[in-house]
Amino acid sequence: MLVDFHKRGATLNTASYCATLDSLHKAIRGKRPGLPSKGALLLHDNVRPHKASVTRDLVQRFRWNVLVHPLYSPDLAPSDFHFFGPLKKYLAGRHFRTDAEVQEAVVKWLHDLDPDFFYADFDRLVYRWHKCFNNHGEYVEK
């Protein structure tokens with residue numbers, strides 16, 4: 001798994017997003033050497049850094065397939081409906097003095113997760129993606 005933290009106040013731009021995708025590609029290649037040559041599915045939203053020609057070229061070079069993400073569909077962002085809720089619950093009531101302490105707690109939480117945490121909710125994501133797609137991109141409730 002790739003865990004990537006940005007500095008406080010940093011703006012996500014095309015260069016930083018492409019650097020993250022490159023790190024992800026290297027992490028996948030390191031853990032699953034055959035996967036990058038077979039392709040992967042990428043679901044990201046429609047913000048400018050994700051749609052930039054430089055990003056599209058990089059994704060194409062990696063031979064990844066991008067799933068269509070309808071405009072204004074927060075219900076399809078896995079981080080929003082699955083990831084941040086449990087993380088917020090895990091961190092609730094805790095106090096951190098530095099960003100490094102927060103990052104350490106997040107990494108510990110990720111490493112302690114049961115793999116089923118991801119499998120079950122990817123199934124839910126696929127269901128929601130189909131529901132949104134069949135609804136012509138309109139917002140759908142959970």
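Let's start with the aromatics: Phe-83, Phe-84, Tyr-90, Trp-109, Phe-117 and Phe-118 are linked into a cluster by ring pairs. Across the whole structure, a search turns up six aromatic pairs. Take Trp-109 and Phe-117: their ring centres sit 5.8 Å apart with the planes at 80°, so this pair is edge-to-face. Both Trp-109 and Phe-117 are buried.

Before going further, keep in mind that this is a predicted model. The mean pLDDT of the protein chain is 83, with 85% of its residues at 70 or more. Among the elements, helix H6 (residues 99-112) has the highest mean pLDDT, at 95. At the other end of the scale is helix H2 (residues 35-38), which has the lowest, at 66.

Stay around Trp-109 for a moment and look at what comes in from helix H5 (residues 78-91). Leu-87 is found in that helix, and with a relative accessibility of 8% it counts as buried. What does Leu-87 contact, once its neighbours within four places in sequence are left aside? The partners are Val-106 and Trp-109. Leu-87 and Trp-109 are 22 residues apart in sequence, yet their C-alpha atoms are 7.7 Å apart in space.

Now zoom out to the fold. The protein chain has seven helices and two strands, and along the sequence they run α-α-β-α-α-β-α-α-α. Of the 142 residues in the chain, 31% are buried. As for contacts with a separation of 6 or more, 66% of them join residues 24 or more positions apart.

So where do the nonpolar residues go? In soluble globular proteins, nonpolar side chains tend to be buried together. Here, the largest nonpolar core has ten residues: Tyr-17, Cys-18, Leu-21, Ile-28, Ala-40, Leu-42, Leu-58, Val-59, Phe-62 and Trp-64. Helix H1 (14-31) and helix H4 (53-61) each put at least two residues into this core, and H1 gives the most, with four.

Is Ser-16 buried or exposed? Its relative accessibility is 19%, and the cut-off for buried is under 20%, so Ser-16 counts as buried. Setting aside residues up to four places away in sequence, Ser-16 touches His-6 and Thr-11.

Last stop, the second largest pocket. This pocket holds about 170 Å³ of space. Lining it are 13 residues, and those nearest its centre are His-44, His-50, Arg-56, Val-66 and Leu-67. Helix H3 (48-51) and H4 are the elements that give two or more residues to the lining. Which element gives the most to it? H4 does, with three residues.

Definitions and conventions: Residues numbered from 1 in each chain as written. Heavy atoms only, no water. pLDDT = per-residue confidence, 0-100. Core = buried A, V, L, I, M, F, W, Y, C linked by side-chain atoms within 4.5 Å. Buried < 20%, exposed > 50% of the residue type's maximum accessible area, 1.4 Å probe, protein only. Contact = heavy atoms within 4.5 Å. Phe/Tyr/Trp six-rings, centres within 6.5 Å; stacked < 30°, edge-to-face > 60°. 1 Å grid on protein atoms, 1.4 Å probe; cavity = no way out; pocket = protein on both sides within 12 Å on 5 of 7 lines; lining within 4 Å. Points joined across faces, edges and corners; volume = space filled by probe spheres on them.
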